[in-house]
Amino acid sequence: MDTAGIQTSVLTMPAPQPYFGDAKVSAEVCRRYNEECAALKAHYPGRFLFCAALPLPNVPHAIEEARYALEVLGADGIKLATNAYGQYLGDPALDTLMAYLDKHNAVIILHPHKPSAVNAQLIADVPLASYEYLAETSRAVLNMIAHNVLVRYPHLKVVVPHCGSFLPNALPRFRSLLPVMVKQGIMQPVDVDANLARLYYDLAGAPTDDVLESLLTITSSDHILYGSDYPYVAEQVLIDGKKALAERLSCHGVDPQEVFSNNARRLFGEAIPMRQYGERVVRLAEIEVEPTMLEEYLIFAKEVGETSTSVEPGVLTLFSMQSKEDPCKIYILEIYADREAYQSHIKTAHFKKYKEGTARMVKSLKLIDTTPLAEIKQWERK
């Protein structure tokens, strides 16, 4: 997390849903998981939140565990599987659970699971994660909309994984078919837009330009959240992907800081603490670059500057300047929120890449630590 510039992670139980025919064992597994998550959250204040797992398809057990998790353990939300052995989200059997969660203004994070009836050979040949998980998520969300769940329980906030899955494609079809189905008495009228207003979307998976453009057709940028899929995504892939995502979001007119931090903070409220910074660290770096390597160095400098200020909240300023008299002399004004933010910055993968990549290019480096002049601090723009 420190290397990737992640302050707080939200823990959720992935597949499979822990139920294999024994409701008592399922409840015990969920209880142990939730208590472990609560202990981790307590041991690392401000670094972890967790969404509790529930022992579905047993609804009474699930309500009991939800009550314990939210009211005793201090869970920050609830994780729900798209289906629990055939019991799909939107099933009227879940209404009592949804009513309880609605009273608690619960955040619900969905996780796709194996569909209840599949062709075994197809599943063996084509990994679930490549297609069926996306179909599962879309299937469950559309079933919730078809049963008007998020209108009937308006205080729920549901996070849809994997860039909205197939919803950008499926929702227009759903909208066009709904009046026909209602007219034929197959479906009841539902308020599609009111249901969609309670949905949020994480960007775990493969948020390409096409995927982002498609997702923005069904939601707004303030309902989009960063999702890492760690540990299913390798560490370096996560770090490189996070940096590429920041650039891609900017190209689509979306502020990366909103997606990486602000939207989640608004969703979870005070559960994600605002970091309390100490005294700022302000320093000036004086660098002389080998003339034959200046162009290559500037590429490295631009990359580390853009990445650091977009994904590290504690990096306030990396302002680079080039001498008019001697372009090989570079000056960088560095401002960090505090000493901890600086120490965290120099441990990141993007800074290490810059440091190692430019070692042979730099003829000299001088770091000048500074102290603010108290008598002229009043001139700082607020």
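Predicted model: local features only at pLDDT ≥ 70, side-chain atom pairs only at ≥ 80, totals over all residues.

Modeller: We will go through helix pairs, cavities and backbone features in turn.

Colleague: Why are H1 and H2 called roughly parallel?

Modeller: Look at the angle. The axes of helix H1 (residues 23-43) and helix H2 (residues 59-73) cross at roughly 15°. Angles under 35 degrees count as roughly parallel. H1 and H2 are therefore roughly parallel to each other. Their axes come within 11 Å, and H1 passes H2 in a right-handed crossing.

Colleague: Which residues make the contact between H1 and H2?

Modeller: H1 brings Ala23, Ala27, Cys30, Arg31, Asn34, Glu35 and Ala38. H2 answers with His61, Glu65, Tyr68, Ala69 and Leu73. By class, this contact of H1 with H2 has seven nonpolar, two polar and three charged residues.

Colleague: What makes H10 and H12 roughly perpendicular?

Modeller: Again, the angle decides. The axes of H10 and H12 cross at roughly 85°. The range for roughly perpendicular is 65 to 115 degrees. H10 and H12 are therefore roughly perpendicular to each other. Their axes come within 10 Å.

Colleague: Which residues of H10 and H12 meet?

Modeller: Lys242, Lys243 and Ala246 in H10 meet Glu303, Thr307, Ser310 and Val311 in H12. That contact of H10 with H12 divides into two nonpolar, two polar and three charged residues.

Colleague: How are H5 and H7 packed, and what is the hand of their crossing?

Modeller: H5 and helix H7 (residues 167-183) pack at an angle of about 35°, with their axes 10 Å apart. The crossing of H5 and H7 is right-handed.

Colleague: What classes of residue make up the contact of H5 with H7?

Modeller: Start with the names. From H5 come Ser138, Val141, Leu142, Ile145 and Ala146. They meet Leu167, Ala170, Leu171 and Phe174 in H7. Eight residues of this contact of H5 with H7 are nonpolar, one is polar and none is charged.

Colleague: Why do you give both an angle and a distance for each pair?

Modeller: Because two packed helices are described by the angle between their axes and the distance between the axes.

Colleague: Now the cavities. How many cavities of 30 Å³ or more does the structure hold?

Modeller: Two. About 60 Å³ of space lies in the largest cavity. The second largest cavity holds about 50 Å³ of space.

Colleague: Which residues line the largest cavity?

Modeller: The lining is made by Gln17, Leu54, Leu56, Lys79, Leu80, Ala81, Thr82, Asn83, Ala84, Gln87, Leu89 and Leu94. Sorted by class, the lining of the largest cavity has seven nonpolar, four polar and one charged residues.

Colleague: Which strands supply at least two residues of that lining of the largest cavity?

Modeller: Strand S3 (77-81) and strand S4 (83-84) each do. S3 gives the largest share of the lining of the largest cavity, three residues.

Colleague: And what lines the second largest cavity?

Modeller: Ala4, Ile239, Lys242, Lys243, Thr307, Val311 and His350 line the second largest cavity. Helix H10 (235-251) and helix H12 (294-311) are the elements that give two or more residues to that lining. H10 gives the most to the lining of the second largest cavity, with three residues. By class, the lining of the second largest cavity divides into three nonpolar, two polar and two charged residues.

Colleague: Last topic, the backbone. What is omega for the cis peptide bond from Ala15 to Pro16?

Modeller: Omega is near 5° for that bond from Ala15 to Pro16. Pro16 lies in the loop between strand S1 (9-11) and H1. The peptide bond from Leu56 to Pro57 is cis too, with omega near 20°. Find Pro57 in the loop between strand S2 (48-53) and H2.

Colleague: What is the phi of Asn148, and where is Asn148 found?

Modeller: Asn148 has a positive phi of about 55°, although it is not a glycine. Look for Asn148 in the loop between helix H5 (132-146) and helix H6 (149-152).

How values were computed. Residues numbered from 1 in each chain as written. Heavy atoms only, no water. Axes fitted to C-alpha atoms, helices over the stretch in contact; angles between N-to-C directions. Helix = DSSP H or I, 4+ residues; strand = E, 2+ residues; numbered from the N terminus. Parallel < 35°, antiparallel > 145°, perpendicular 65-115°, else oblique. Left-handed = near helix turned anticlockwise from the far one by under 90°. Contact = heavy atoms within 4.5 Å. Nonpolar A, V, L, I, M, F, W, Y, C, P; charged D, E, K, R; others polar. 1 Å grid on protein atoms, 1.4 Å probe; cavity = no way out; pocket = protein on both sides within 12 Å on 5 of 7 lines; lining within 4 Å. Points joined across faces, edges and corners; volume = space filled by probe spheres on them.
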